[in-house]
Amino acid sequence: MFRIPPVLLASVLVTSAVAACSRSAASSRSTGTAATATATTAAVHGSACSQQLLTVADVGGILSAPITGTEEVPGTNGSTCKFTTGSFTSISVTLRPGAGKVSLGIWQGGHMPTASAPLAGVGDEAVWVPSLNEVVSEKNDLLCDIMAQGVARDLAGPVAVVQQKVGALCNKIFAAVK
């Protein structure tokens, strides 16, 4: 029997929900929020890697394996890239203008197959998804989703430290795309 990995399932569910909800979310924005979201959309025109919003040095120290390169993730319309290692571990970074509030609402509402917890100090709002080593955050409706892919032994430190480092990466991106 074929079994879908939880990470893949979660990604598909979020992407589907965002696509279905983004039109209604966009139509319900106020003029001021729409202007901010439009400015953010103009500032984000590709992945964090292609825009050099994050570097190999920025993501170092999250995984125990050294980061060896970057690659764009096919099928994501240029919104996701990975910082790769010599093994299966990696750090994926997804940026989606206009999808932050909807995506975060899906996680906060408990509509995902795995639990999340509020994470203070990252963007306007954020959650930590412990089973995926993932921060899902938004600022000005820009989604920043960063996942340290691997199991606990693949992390370079305690989960709380990884959580802080990943959250800091989203904050760095938010600061760069004001």
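**Disulfides and cores**

Author: The structure holds two disulfides, a disulfide being a pair of cysteine sulfur atoms within 2.5 Å. This is a predicted model, in which local features need pLDDT of at least 70 and side-chain atom pairs count only at pLDDT 80 or more, while totals for chains, interfaces and linings use all residues. Residues are numbered from 1 along each chain as its sequence is written, and side-chain values use heavy atoms, with hydrogens and water left out.

Reader: What pattern do the disulfides follow?

Author: Counting the bonded cysteines along the chain, the pattern is 1-2, 3-4.

Reader: OK, where does cysteine 49 lie, and where is cysteine 81?

Author: Cysteine 49 lies in the loop between helix H2 (31-43) and helix H3 (56-59), and cysteine 81 lies in strand E2, so the pair ties together parts that are 32 residues apart in sequence. Helices (H or I, at least four residues) and strands (E, at least two) are DSSP runs, numbered from the N terminus. The sulfur atoms of cysteine 49 and cysteine 81 are 2.1 Å apart.

Reader: Why is the disulfide of cysteine 49 and cysteine 81 right-handed?

Author: Because the torsion about its S-S bond is about 80°.

Reader: And cysteine 144 with cysteine 170, right-handed or left-handed?

Author: The link of cysteine 144 and cysteine 170 is left-handed, with -85° about the S-S bond. Cysteine 144 sits in strand E7 and cysteine 170 in helix H5, 26 residues apart.

Reader: Is cysteine 144 buried or exposed?

Author: Cysteine 144 is buried, with a relative accessible area of 0%, where buried means under 20%, exposed over 50% and partly exposed in between (1.4 Å probe, protein chains only). Cysteine 170 also counts as buried, at 0%.

Reader: Switching topic, which residues touch the most other members in the largest nonpolar core?

Author: They are Phe83, Ile91, Val93, Ile146 and Ile173, out of 30 residues in that core. A nonpolar core is a set of buried Ala, Val, Leu, Ile, Met, Phe, Trp, Tyr and Cys residues joined through side-chain atoms within 4.5 Å. The elements giving two or more residues to this core include strand E3 (90-97), strand E7 (142-149) and helix H5 (159-176), and the largest share, six residues, comes from H5.

Reader: What does isoleucine 91 touch?

Author: Leaving out residues up to four places away in sequence, isoleucine 91 has contacts (heavy atoms within 4.5 Å) with residues including Val59, Leu63, Cys81, Phe83 and Ile146.

Reader: Which residues are in the second, separate core?

Author: That core has eleven residues, among them Ile106, Val127, Val129 and Val136.
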